[in-house]
Amino acid sequence: MFTVVNKSIGKGYKPFIVAELSANHGGSILRAKETILAAKNSGADAVKIQTYTPDTMTLDSNKNDFLIDDGLWKGYSLYQLYQEAYTPFEWHKELFDFAKSQGILLFSTPFDETAVDLLDSLDVPAFKIASFEITDLPLIEYAASKGKPLFMSTGMSDQGEIGEALECCYKNGNRDILLFHCISNYPADLRASHIGDMSYIAEHFKVEVGLSDHTTSNTASILAVAKGASAIEKHFKLDGKDCGPDASFSILPDQLKSLCDDCESAFEAVKSNELRREPSELINKKFRRSLYFVNALTKGKIITKDDIRRVRPGFGLEPKYFDWVVGQKVNIDVDFGDAVTLDVLTKE
């Protein structure tokens, strides 16, 4: 368990819900603020942005290595994609101040050391390492050295790569880490979400685990919480407008509210680890089976097995007493449909 400001993250605590703003500001700081506020009003615990410029992310080149030839962003060069999607450095302080004024946490994914420095100067509460950067060990080492909690996505990574990333954190004395299981495909297929891998990650690496969900529904996230996810990250947009490269796999405010509500319900549904009945069940105990007279008997008569039956409802003695009741005497007259109770039996 660790904390991000006043939010406890770990087993036994409600899942930490992160709304990923990414490029869904569409180049407008006003839209970015409106999206942050919508995330807060929908129940998210935090909003995450991304901190880079096209030049800190890639090279402005049209050589084949830098062209995207398939998938959601086919036809872009990497530089063009990041030029369209980035959140300007000069916006950051204003966005952090706005989030603080609205009472919601804001943190970010840095993509190089200059981004780490900017975020650290703004007292960011945590860093996120993207799945594509989990092999950038110098970046992870630098971020970890700032002493803030780290969320790291594991998409595309094998066991060795994850282990190396964690070792970078540990070498810098940073053990406040959550690994986001994710499938780095946009959008991801629910049927290929591999939610069960979270258990392997948690057991093998002994860290908190969550899900960075790139599917287009909330099902994977709810399943993840049921499997023990301590945090959920989901791309989020203000409305249905085409506001950036991530819009097609981002959820809307009503969907985010449902995500928050449903994840909390899933957490409550699975958190018990003992056989403890819900008080709401007690009212239905009266519909269990119990013993009832099916023949009228006068006082002093011996009860035979044909005089009683195990039927619903449950106001008589429990069915397990059937053989014991047979052979007892009744101490009052009883009629068909009377419950077999201790007070109608002769005490000998």
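F151 is buried, with a relative accessible area of 0%; buried means under 20% relative accessible area with a 1.4 Å probe, protein chains only. This is a predicted model, in which local features need pLDDT of at least 70, side-chain atom pairs count only at pLDDT 80 or more, and totals for chains, interfaces and linings use all residues. Residues are numbered from 1 along each chain as its sequence is written, and side-chain values use heavy atoms, with hydrogens and water left out.

**Ring pairs**
- Searching the whole structure turns up nine aromatic pairs (rings of Phe, Tyr or the six-membered ring of Trp, with centres within 6.5 Å).
- F151 and F180 are stacked (planes under 30 degrees apart), because their ring centres are 5.7 Å apart and their planes are at 20 degrees.
- This pair links distant parts of the chain, 29 residues apart: F151 is in strand 7 (residues 150-153) and F180 in strand 8 (residues 177-182). Strands are DSSP runs of E with at least two residues, and helices are runs of H or I with at least four, numbered from the N terminus.
- F180 is buried too, with a relative accessible area of 1%.

**Cluster**
- F2, F16, F107, F151 and F180 are linked into a cluster by ring pairs.

**Charges over rings**
- R175 has its charged end over the ring of Y170, 4.0 Å from the centre; this needs NZ of Lys or CZ of Arg within 6 Å of the ring centre and within 35 degrees of the ring normal.
- R310 lies over the face of F322, 5.8 Å from the ring centre.

Notes:
Phe/Tyr/Trp six-rings, centres within 6.5 Å; stacked < 30°, edge-to-face > 60°. Buried < 20%, exposed > 50% of the residue type's maximum accessible area, 1.4 Å probe, protein only.
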